[in-house]
Amino acid sequence: MEKNKTSTAKSQITLTRKMVFATMSLLLFVGVCEFSFKAIGFDFSKLGQDLNATPIFYRIPTEPFGSAFYKRPGNQVWTGKVITAQMQRIGYDSKWFPEEEAHTLKYDADGFRNPDGLQAWTIAMIGDSFTELGNLKQDQLVSSRLSTLLDTPVKNLGVSHTGLLNQTEYLREYGISPETEEVIWVFFEGNDIQDYVMETDRVSAIQTGNAEHIDLLKTHQSQNSLVKAIYRKFFAKSRMEIYGPAVNAILDDGSTQFKIDYAPPGREQIFLHLQRYEAGIDKLQNLCEQHKLNLTCVYMPCKRRAFSGYRYTVDPSAPKYLKQKWVPSDLPDWMREVCNDKGIRFVDVTADLQKLNQTELLSHNLAFDTHLTADGAEVVAQMLARALRPDTP
């Protein structure tokens, strides 16, 4: 019996030694790999591959200009199916991919979507992704259609992920030619106020030295840590978790699934933010007055407002703010009042987009993407043409 105890104890010691040895070997292996990957500069983030796969439309502006602002790098070209490529990159099931044609998107020397050889223009358009519309072909853009309808050159200065502060600087730096007479500012109710607040905070941080004004691509730090890569693989949120499902709502008749995002608040909910935003409007208006430019504000509704004539049910798994019943807020009324007080022409395209949706949901993309379709862009262009020249057919 004593012999059996001794044998069992030796077996346990041997097993413990094996476990310790295996653990030490694994740690040594990981350590060698960690050192090796850092030594060769291997980038687990695969920035280059990921950037090439990402349509330009969905990228943030990375090139610094002016004192504290950012734009897209110039002379970029991307070919493919824009929405499909982004959905593939995130990892959505192919059943949600739209019927989409591949096309080539070109950006001019300054990083904007304009036709080759544009030297002078009578109209400049500023705004975010709803002005850039990098999911559409060049001849389908609001700016392109407006140019055709009015038979006059229109310059598109729209860039995704920007707010009014950055957009005003685009106009100052790139948008005013000797022939320019009109400025169209597209206000998107979904996130423009939030983006403006973030921009003012960032500019303040740069001006006070608390943040650097640097090229975000050229200064990218490679992620060459194996341990960090493993952690992110198993514990960090995936792209699917960040972006959410491809669709999160369905018409009450069960006929159509689509995705809604944004729940624009009313003036009482964001009163202090609106005061800050009005200062940004004043800055834009002052720039236009200095150059004797007529300013028009286009109120661009989010998909939720454009589809508000339909009865639909939001998925139980959707974020809480989307599941709560939303009554179209009075944000358009606030913007109309501000523009009227300042003498800015105001064009709310909501009613015409809703009219487009009376028989089918045609104004915005349904699955995943929340931007205008070619049909929606055409309606906006026609409204603008009539606002600028009432005799436009």
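A crossing of two helices is called left-handed if the near helix is turned anticlockwise from the far one by less than a right angle, and right-handed if clockwise. By that rule, H10 passes H13 in a right-handed crossing. The model is predicted: local features need pLDDT of at least 70, side-chain atom pairs count only at pLDDT 80 or more, and totals for chains, interfaces and linings use all residues. Residues are numbered from 1 along each chain as its sequence is written, and side-chain values use heavy atoms, with hydrogens and water left out.

**Overall make-up**

The protein chain has 15 helices and 12 strands. Helices (H or I, at least four residues) and strands (E, at least two) are DSSP runs, numbered from the N terminus. Of the 393 residues in the protein chain, 47% are buried. Buried means under 20% relative accessible area, exposed over 50% and partly exposed in between, with a 1.4 Å probe and protein chains only. Contact means heavy atoms within 4.5 Å. Among contacts in the protein chain with a separation of 6 or more, 78% are between residues 24 or more positions apart.

**Nonpolar cores**

A nonpolar core is a set of buried Ala, Val, Leu, Ile, Met, Phe, Trp, Tyr and Cys residues joined through side-chain atoms within 4.5 Å. The largest one has 39 residues, and Trp-185, Phe-187, Tyr-277, Ile-281 and Met-335 have the most contacts inside it. Two or more residues each come from strand S5 (123-127), helix H6 (164-174), strand S7 (182-188), helix H7 (192-207), helix H10 (271-290), strand S10 (294-300) and helix H13 (331-342). H10 gives the most to this core, with 6 residues.

Which residues does Trp-185 contact, leaving aside its neighbours within four places in sequence? They are Ile-126, Leu-164, Gln-167, Tyr-277, Ile-281, Leu-284, Leu-295, Thr-296, Cys-297, Val-298 and Met-335. Apart from this core lies another, of 29 residues, among them Met-125, Leu-141, Leu-356 and Ala-381.

**Helix packing**

Axes are lines fitted to C-alpha atoms, for helices over the stretch in contact, and angles run from 0 to 180 degrees between N-to-C directions. Angles under 35 degrees count as roughly parallel, over 145 as roughly antiparallel, 65 to 115 as roughly perpendicular and the rest as oblique. For residue classes, Ala, Val, Leu, Ile, Met, Phe, Trp, Tyr, Cys and Pro count as nonpolar, Asp, Glu, Lys and Arg as charged, and the others, Gly among them, as polar.

| Helix pair | Axes and angle |
|---|---|
| H5 and H15 | 8 Å apart, about 45° |

On the H6 side the contact includes Leu-164, Leu-165 and Arg-172, and on the H10 side it includes Tyr-277, Ile-281 and Leu-284. By class, the contact of H6 with H10 has 8 nonpolar, 2 polar and 3 charged residues.

Helix H5 (residues 142-150) and helix H15 (residues 374-388) are oblique to each other, and their crossing is right-handed. Residues of this contact include Val-142, Leu-146 and Leu-149 of H5 and Ala-377, Ala-381 and Leu-388 of H15. The contact has 10 nonpolar, 1 polar and 2 charged residues.

**Individual sites**

Helix H3 (residues 82-90) has 7 of its 9 residues buried, so it is largely enclosed by the rest of the structure. The buried residues are Val-82, Ile-83, Thr-84, Ala-85, Gln-86, Met-87 and Ile-90. Just after H3, Gly-91 takes a positive phi of about 110°.

Asn-75 is not a glycine, yet has a positive phi of about 55°. Asn-75 sits in the loop between strand S2 (69-71) and strand S3 (77-80), and at 60% relative accessibility it counts as exposed. Tyr-262, also not a glycine, has a positive phi of about 70°. Tyr-262 is in the loop between strand S9 (257-258) and H10 and, at 21% relative accessibility, counts as partly exposed.

Tyr-312 belongs to strand S11 (residues 312-314). Tyr-312 and Phe-258 are 54 residues apart in sequence and 9.8 Å apart in space, C-alpha to C-alpha. Not counting residues up to four places away in sequence, Tyr-312 touches Ala-249, Ile-250, Leu-251, Asp-252, Phe-258, Ile-260, Arg-304 and Phe-307.
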